[in-house]
Amino acid sequence: MPLAQRFTPRFSDGRVFAHDLGKVVCVGRNYAAHAAELGNEVPSEPLLFIKPATSVVPMDKPLPLSKRRGQYHYEAELALLIGKPLCEASEDEALDALAGMGLALDLTLRERQSKLKAKGQPWELAKAFDGSCPLSSFVALEGPRWRDGEGALHDVDFQALQYRFAIDGEQRQQADTRLMLFPVARLLSEISHSFTLLPGDVVLTGTPEGVGELNPDQALALALDAPDGSGELLRVETRTRGVA
């Protein structure tokens, strides 16, 4: 496979974010039904891991799946773009630092992950490889607020968002953020007490139930609904392709 290319965060209106992409902080098992479907315990505190910037690729371009890596699984997630530094932040400070929200796939080499877990080893080889984080453009936020097409500013209830993921026209995942074990504000605050978040960092907030295998030559569609219920705020269509 070719060397990883630097990903530039962009907004859905075409604007380029002012900062380079940083790290991607991921949250595991943030939906109880997803933990159950994989036979995992429900965590009592956020389960965190990090993907490097080299793992990120544009979601709107064909996604390469390497045969040598084995079985890929998809995990669709709400992605949050950080716009201000956060260190030991309160929940209100954390929400105020948001610059955008979008969608991501946490691609996972499930067989390798299972072997690593059985040995008590870290997951990076199964979660942080090049191309493991397809990422969409971002709907611009001004802290916990967004502007509609007419320029009106609206509050975002991050515990009332919905998004969907489909393969070849068949819905595989449906997320309702009210079902998160750890709400967005708490997640961001708790993450900032372990890792300083900088402008350009991205937080993936966990995946709902319905994860499964991803194969070459499949059509993928992800959609995020508008917070005011007016329809789809963001939609991305792409395909997978097999590579050596």
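Some ground rules. In this predicted model, local features need pLDDT of at least 70, side-chain atom pairs count only at pLDDT 80 or more, and totals for chains, interfaces and linings use all residues. Residues are numbered from 1 along each chain as its sequence is written, and side-chain values use heavy atoms, with hydrogens and water left out.

Start with the record. UniProt, in an unreviewed entry, places "domain: Fumarylacetoacetase-like C-terminal" at residues 23–216. Such annotations may be inferred rather than shown by experiment. Over residues 23–216, the chain is 18% helix and 35% strand. Helices (H or I, at least four residues) and strands (E, at least two) are DSSP runs, numbered from the N terminus. The end C-alpha atoms are 27 Å apart.

Now the cores. A nonpolar core is a set of buried Ala, Val, Leu, Ile, Met, Phe, Trp, Tyr and Cys residues joined through side-chain atoms within 4.5 Å. Buried means under 20% relative accessible area, with a 1.4 Å probe and protein chains only. The largest core has 52 residues. Met101, Leu105, Phe158 and Leu188 have the most contacts inside it. Helix α5, residues 184–192, gives the largest share, five residues. A second, separate core has 18 residues, including Phe49 and Val202.

Last, the sheet. Three strands form an open, antiparallel sheet, in the order β8-β5-β16. Strands pair if DSSP finds at least two bridges between them. The edge strands are β8 (108–109) and β16 (212–214). Three bridges join β5, residues 72–74, to β16. Tyrosine 74 has glycine 212 as its bridge partner in β16.

How values were computed: Buried means under 20% relative accessible area, exposed over 50%, partly exposed in between (1.4 Å probe, protein chains only).
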